[in-house]
4 protein chains.
Amino acid sequence: MTQRKSFGSDNHAGAHPDVLRAVMAANAGDAVAYGADERTERVTAELREAFRADSAFLVANGSGANVLGLSVLLRRHEAVICAESAHIDTDECGSAERLLGTKLLTVPARDGKLTPESIAERIPGHDDHFAQPGVVAVTQATEFGTCYTLAELRKVAEFCRLNGLRVYLDGARLANAAASLDCTLAELAECADVLSFGGTKNGAIGAEALIVMRPGLSDAVPYLRKQQTQLMSKMRFLAAQFEALLRDDLWRHNAARANAMARRLGAGAAAVPGVEVVHPVQANAVFARLHPRHIAALQREWFFHVWDERESVVRWMTAFDTTGADVDAFVCDIRATAAR
Amino acid sequence: MTQRKSFGSDNHAGAHPDVLRAVMAANAGDAVAYGADERTERVTAELREAFRADSAFLVANGSGANVLGLSVLLRRHEAVICAESAHIDTDECGSAERLLGTKLLTVPARDGKLTPESIAERIPGHDDHFAQPGVVAVTQATEFGTCYTLAELRKVAEFCRLNGLRVYLDGARLANAAASLDCTLAELAECADVLSFGGTKNGAIGAEALIVMRPGLSDAVPYLRKQQTQLMSKMRFLAAQFEALLRDDLWRHNAARANAMARRLGAGAAAVPGVEVVHPVQANAVFARLHPRHIAALQREWFFHVWDERESVVRWMTAFDTTGADVDAFVCDIRATAAR
Amino acid sequence: MTQRKSFGSDNHAGAHPDVLRAVMAANAGDAVAYGADERTERVTAELREAFRADSAFLVANGSGANVLGLSVLLRRHEAVICAESAHIDTDECGSAERLLGTKLLTVPARDGKLTPESIAERIPGHDDHFAQPGVVAVTQATEFGTCYTLAELRKVAEFCRLNGLRVYLDGARLANAAASLDCTLAELAECADVLSFGGTKNGAIGAEALIVMRPGLSDAVPYLRKQQTQLMSKMRFLAAQFEALLRDDLWRHNAARANAMARRLGAGAAAVPGVEVVHPVQANAVFARLHPRHIAALQREWFFHVWDERESVVRWMTAFDTTGADVDAFVCDIRATAAR
Amino acid sequence: MTQRKSFGSDNHAGAHPDVLRAVMAANAGDAVAYGADERTERVTAELREAFRADSAFLVANGSGANVLGLSVLLRRHEAVICAESAHIDTDECGSAERLLGTKLLTVPARDGKLTPESIAERIPGHDDHFAQPGVVAVTQATEFGTCYTLAELRKVAEFCRLNGLRVYLDGARLANAAASLDCTLAELAECADVLSFGGTKNGAIGAEALIVMRPGLSDAVPYLRKQQTQLMSKMRFLAAQFEALLRDDLWRHNAARANAMARRLGAGAAAVPGVEVVHPVQANAVFARLHPRHIAALQREWFFHVWDERESVVRWMTAFDTTGADVDAFVCDIRATAAR
């Protein structure tokens, strides 16, 4: 790895300066712990309003938000339907199964998106031998850097409502989706019963929010959060991070910047002979197919992950602090490498 | 609550300025996520050395460290023996039961300390109807602000070794114990198989370490940590906090200061007629019995918790940033209140 | 152990001849598996009617019924309040914690019975650090061979209703209670939201029923039962056992016989100098204090368990097939032993 | 459904008369509960010897045996690799996930059989984001009525040994495999670390055995069995069932009969134009493709399940009590139906 900008993950970026400043400011004096402080109350009220939600809770990380969110929605015996590419299935080490005892029923999903038709495939009859889905988990923006349109999301939500399924939305990159679709957080949220709103990939040190839309579920969240070890004691420091991200819609600016850099990278790479961009670039990720030899050569100078070795597909992520110069230098090297 | 220093919890204090500075410094440039960065490797190596441990892992909070630590030591069917006052039993909302499925076998424990004799009471025969303890969980410093002497701790460890039990040590306030006993972290740790080392109550924003002493256990920890949602993505910021606490033994200075303030408060309060200090003040907590009317009067001006309403016992905690002036003002008010 | 009647447990008895005959009769021809056969439908309908219940399900054993019953009632984050003597806490190896992740909040309970006052002791405030009880588990007849009166049971139920708690009733010996109180099963059941009805200790080979009283809970039971491995494939053979026990109230005759034998034994033992019966004999158990030397002497000829070694208290159980001659011979030996 | 022999499941058959006789015989007198009786000790010793095993335990049903067996082998954080057709994944309502918190990593498996190559596909790198398999679960005979040859099984076992994976063998129909391969139980068992041996589908009322081959694992089984509610109190009645099945290898005769009937049915059906037998008939199941209209017509007279509606494939099971006349009548109707 070099000193060059990492395209490996939006987690490789540090924190936005405004976030750090807010954390410093929050350090003054004593504050009641575990979220009973004024800053946390103010910030969660802001979140509630932005999402037109029933309640909002701060948690430490994205896996924590996902497991907590599912636990709020799942009846004790129920399973979860999700895309084969869903982070909860592929990248959380079996956390949902371990902590909730739930089974994940995966669905092949082109571009990472579920549809009413693909969900329907995994709904079994009411036979006590078959795991019964209770929740459908969608990711927005998806793990492939695509976004459901609002219409697509509403179709999924409507199908779920008619079939007695609840919707959990993994919003680790919800900001990127909102920026991409140029819509409000509330418009995205109204399609879900519970969702997460990711701060970490958007410029926070480490902070996520769980947003509860459906009334009647909020009372259990504090206990579930504590049991799942997602209750932080000096909560003011989580609150401060969201304070900064919410102020003047910093979250949207950060996401829009990352998205723009991904589009720039996608367009630049697509123009290189021998490089194929395999998913629409609708958020802050570019998935591209290159010759394995070119991948290896590029990885000597740049940090990024091979997504699918067999398919020779890589993933390039941009972040809130990726610059046009970073992208241009990278595209230049891609072009030079592919030409060899 | 007033602007006066809180004696409610060591979690009410903010972060030490050096910790914040280290976090700022860690923000420069990109860093690989999930603990593969150089700073995390350096800090966990330092921890390993300080504890003469097999391995060290950073986690987000104390409940997370406790559940993770128990999970490393427990066989699938086993239960945990702990004191009735143990944080894992009383204050974590049933997290160990929920996430690990383990049963907690509690022991009445004077001053919060287990002994070989009291542990022996909860070891049943090998009958498959009875939950079989596999781990003994001790807290050092205890929830009552007392400390096991090294000799006491070694007796417990020896008893456990002879009886096929492993020792988990909840070290949310291990720094306070090390400062109180004037011993090294390694001396405390050698009595445990796995332990936590708390940063949060010692001046961190929110960071704890899990220390694995017994060889052969470390390989599973990364997976258990991820499953239990205690793996933070931008790990450099956790590492930075410990970097600051470990530099020039800041952790020990912070703990010593908090301890000294508790002793000052304990001595001051004990000298007030009508106030009884009910546990030895060996760390940063003072437990005192006052008349209920005096408690109510004091709580109008100062923030602290009633520990046992029936016994009319309160808990006063000091922190790394409690000053002599804070304590003296508080003692002055205690005296004035008790005199009314 | 000798060929003499065991007073060790009502599980030491075999099956009632009528039960075996019903099992033989059920063997004719094929039958759909997993409870979709006509016999199971008929028997569960009979149970539903006898209990005036919403639904009834057959399961393999008592621990299975208890865990299943609790799982039907508990919200995901909730804990259970039960007596310190409750079988689920003392004799099921931590099964409820393991399979449900729930915490058991135990209450000291004289004669094994909970009261509104003792339950109230374990209800904490709505603080997310404290495990929140959702279910109160009572045992009827209790583990001490006592019975709640209907009035006592109703008081507990009413208190629970007012405090948002649900009632699970462990009815492993419900038949003994119904016989003792001379009441119907429905009268006992109306105090519970879910209860078990034990067949095994009443003369079955191995069969228990789970009875759901509160509407709106039954739909999840088949899935929970299957997940908890309590769904038997050749269900007709469980159904046949209850068919026999329900026919002409065989269950009540069996229970009444066992109860009568316990009363005879209790009265006989109480009349022996040096023997103290320590709990009212209201079902099929006698708890007695004897000199340790006499206990040892008796155990050379008779099979029974020491209940509390420190208190020198033994437990003697009678069963549906205990005879007056068995009891008289035993009392005779008790008398002879105590006289030495 | 008619009075005709069911081809729906080997669970639709009743119990073998010898099994019922043994149960009757076991009813004489009292017996210590929970498996400490002489009959259970004798029978488990016989099982141990037949399998050349470390230990043997009786449980109530097949799902219970599977979950228990996996729990003995899995480290706390580990996942299970199994075929997509594995009963634990498709037909146990998510029991393994629910009770063990483990993730099932499924593998497409032709004829239901895993191979070293297909297993290798699901072994990820040592990255804490990926669920780490610890156990490979094979089924013998498979859910498709095929059998691994001993050579195939040994290859899987050897691959697992070399890759640090343990082998659990779901032997719900192990008897059918042993009869089909004409091998001993010990020859099958030596390829596994833990396996189940099914009695229920072989003519029992309801009884399965868990066989532990690998030394050092047996001590935990009693506690795991109790926690998982698979410990039956009047264990003598489970023991009696295996007593009957083991006497003069009744289990082998029963399995051989069922297998022979399946071969007869398979051969008969395969000779009918328009009927395609889609898997080799190596145990007691026949999978056949028929025209949907013919399936519907046949189901009006005979009981069996459609396995794959889209593929128009049905499953026909034979049992220990299926007769040649049953099969011939069925084949006759298949022929007549297909001719219409």
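**A tour of aromatic pairs, a sheet and a helix**

Begin in chain A, where ring pairs link Phe7(A), Trp302(A), Phe304(A), Trp316(A) and Phe330(A) into a cluster. Rings of Phe, Tyr and Trp (its six-membered ring) pair if their centres lie within 6.5 Å; planes under 30 degrees apart count as stacked, over 60 as edge-to-face and the rest as tilted. This is a predicted model, in which local features need pLDDT of at least 70 and side-chain atom pairs count only at pLDDT 80 or more, while totals for chains, interfaces and linings use all residues. Residues are numbered from 1 along each chain as its sequence is written, chains are lettered from A and ligands numbered from 1 in the order in which they are written, and side-chain values use heavy atoms, with hydrogens and water left out.

Over all chains, the count comes to 48 aromatic pairs. Next, select Trp302(B) and Phe330(B): their ring centres are 4.8 Å apart and their planes stand at 45°, so the pair is tilted. Trp302(B) sits in the loop between α13 (292-299) and β10 (305-308) of chain B, and Phe330(B) in helix α14 (residues 324-339), so that the pair links parts of the chain 28 residues apart. Helices (H or I, at least four residues) and strands (E, at least two) are DSSP runs, numbered from the N terminus. Both Trp302(B) and Phe330(B) are buried (under 20% relative accessible area, with exposed over 50% and partly exposed in between; 1.4 Å probe, protein chains only).

Move to chain C and display its open sheet of four strands, in the order β8-β9-β11-β10 with antiparallel pairing. Two strands pair if DSSP finds at least two bridges between them. The edge strands, β8 (276-277) and β10 (305-308), each pair on one side only. Within the sheet, five bridges join β9 (residues 285-289) to β11 (residues 313-317); Ala288(C) has Val314(C) as its bridge partner in β11(C).

Finally, select helix α3 (residues 62-73) of chain C. How many of its twelve residues are buried? Eleven are, so α3(C) is largely enclosed by the rest of the structure; among them are Ser63(C), Gly64(C) and Leu73(C). At the start of α3(C), a side-chain oxygen of Asn61(C) reaches to within 2.8 Å of the backbone nitrogen of Gly64(C).

Definitions and conventions:
Polar contact = N/O pair within 3.5 Å; in protein donor to acceptor, adjacent residues only side chain to side chain.
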